[in-house]
Every structure is written in structure tokens, then in C-alpha cells.
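Let's walk through this model together, one question at a time. Have the coordinates open as you read.

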Amino acid sequence: MLKDVDRAVLTRLLDLQAEDSAISRLQLRRASLPEAQRLAEVKDLLDELESDLDIATKQADEIAREQARIEGEISLVEAKTGKEEKRLFSGAVANPRELGALQAEVEMLKRKRSTAEDSLLEVMVQRDDAVETMQRLASEREGAASQAEQLSATVDALISDIDAQLGSHQEARQGISAELPEDLVRLYEQVRDAKGGVGAAALVGGACQGCHTQLAAKEVERLRAAGGVQRCDNCRRILVV
Ligand SMILES: [Zn+2]
């Protein structure tokens with residue numbers, strides 16, 4: 001039956017091949033969009049920034065609690081110092097040994113306060129750094145989030161455009177395939193599967209366009225004279241003369 005296939009049908013087979021090649025190109029493009037790759041990278045960055053921001057927020061909270069603790073300690077020491085100084089200067093304590101002990105207590109409280117104030121300063125510097133880090137991370141996260149949003153919209157638009165093109169090529173493919181003899185389509189599909197997506201090729205200037213091999217003049221002559229379905233001697237693709 002394949003011997004009886006005429007030229008017009010074989011030419012139509014090349015149209016089917018063109019549709020299949022277009023479909024393959026679109027599928028490849030759909031699967032390897034650089035914008036989608038970039039979107040995945042930005043999403044990874046966004047996850048990383050969110051987790052960094054979470055850590056930085058916890059650190060800042062911890063520092064804030066430490067600051068509150070030191071401030072509480074300072075006010076306690078202040079209150080106690082005030083009370084002891086009041087006793088010291090009230091004249092209520094006359095015993096020199098007791099007075100000495102009270103003075104020593106006040107001195108100790110003042111040293112304690114001074115140490116606590118040094119710690120407070122340190123913690124305040126740490127808190128400034130932590131807040132700065134949080135703000136930087138938050139602004140980086142915001143930037144990444146808006147970039148992800150834009151890329152996502154771009155990818156959606158590209159995919160829907162590709163899908164529309166795929167749809168029309170698939171429709172065209174089905175139409176052509178329905179016109180062709182079933183056994184020819186079956187052979188074409190077998191060869192196409194085995195030959196990297198190209199099952200049928202034209203013979204142009206004595207060269208097979210599937211494998212780009214220049215055929216011997218005699219073979220070209222034979223092909224031109226013979227009717228029906230012919231195959232390239234070199235790559236075995238269906239050769240449309
Ligand atoms: Zn060939």
C-alpha cells in the first residue's frame with residue numbers, strides 16, 4: 001500500500017513533520033523558560049531571606065528582653081542606693097561601725113550600677129545592630145517578593161502564549177494526520193520516535209534534509225523514477241522526493 005502513495009500525499013507528510021517540529025520546539029521552550037529558572041532562583045532567595053529575617057527578629061527580641069532586664073536591675077539598684085543614702089545622711093545611724101558598713105554598701109551599689117550601665121550601653125549597641133539587620137533583611141525580602149511577583153506574571157503570560165501556539169499546531173497536526181493513510185502515519189511516527197523527532201525529510205539538491213547527506217547521483221535518479229514511499233539510504237527517514 002505504501003508503494004501507491006502519491007507525491008501530493010508525501011508533500012502533506014512534510015507539512016505534518018513541520019507541525020510536529022513546531023510542537024517539539026514549543027514544548028522544549030515551555031520546559032526551559034529562562035524566566036521560570038530565574039523565578040525559581042528568586043523564590044529560593046525569598047525563602048532564605050524569610051528564614052534569616054525570622055532569626056534576626058528572634059535575636060532582636062532576645063536583646064530587647066536583656067535590655068529590659070538590665071534597666072530593671074538599674075532601677076532596683078537606684079532605689080536601694082537612694083534608701084541607703086537617705087539612712088546614711090539622716091543621722092539615724094550613729095554607730096561608726098554601722099556607718100562604715102552603710103557607706104561600703106552605698107559604694108558597692110554605685111559600682112554595681114556603673115557595671116550595669118556599661119552592660120546597658122553594650123546591649124543598646126547590639127540592639128541597634130539587630131534592628132538595622134532586620135530592616136535590611138525586610139527590605140531585601142520586599143525586593144525579592146516584588147521581583148518574584150513580576151517574574152511570575154511574565155512566566156504565566158509566556159506559558160499561556162506557548163500553550164495557545166501549541167493548541168493551534170496540535171489542531172493542525174490532527175487535521176493533516178487525518179488526511180493521510182494510516183499506515184503511512186504509523187511508519188512516520190515510528191521513524192520519528194527513533195530519529196530524534198524527524199521522521200520525514202525532503203530531498204533537496206540530491207541531499208537528504210534529515211541527515212544532510214548528499215546521495216549518489218544514481219540513487220537520486222532511482223528515487224525520482226520510483227514512486228511511493230522511499231527511505232533515505234543513510235538515515236532511513238522517509239524521503240520526500
Ligand atoms: Zn537521510
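A salt bridge here is a side-chain nitrogen of Lys or Arg within 4 Å of a carboxyl oxygen of Asp or Glu. This is a predicted model, where local features need pLDDT of at least 70, side-chain atom pairs count only at pLDDT 80 or more, and totals for chains, interfaces and linings use all residues. Residues are numbered from 1 along each chain as its sequence is written, and side-chain values use heavy atoms, leaving out hydrogens and water.

Q: Which residue forms a salt bridge with Glu73?
A: Glu73 lies in helix 2 (residues 34–90); helices are DSSP runs of H or I, at least four residues, numbered from the N terminus. The closest N and O atoms are 3.3 Å apart, and the partner is Arg69.

Q: Are Arg173 and Asp20 buried or exposed?
A: Buried means under 20% relative accessible area, exposed over 50%, and partly exposed in between (1.4 Å probe, protein chains only). These two form a salt bridge, with the closest N and O atoms 2.5 Å apart. Arg173 lies in helix 3 (residues 96–179) and Asp20 in helix 1 (residues 7–31), so the pair ties together parts 153 residues apart in sequence. Both residues are buried.

Definitions and conventions
Helices (H or I, at least four residues) and strands (E, at least two) are DSSP runs, numbered from the N terminus.
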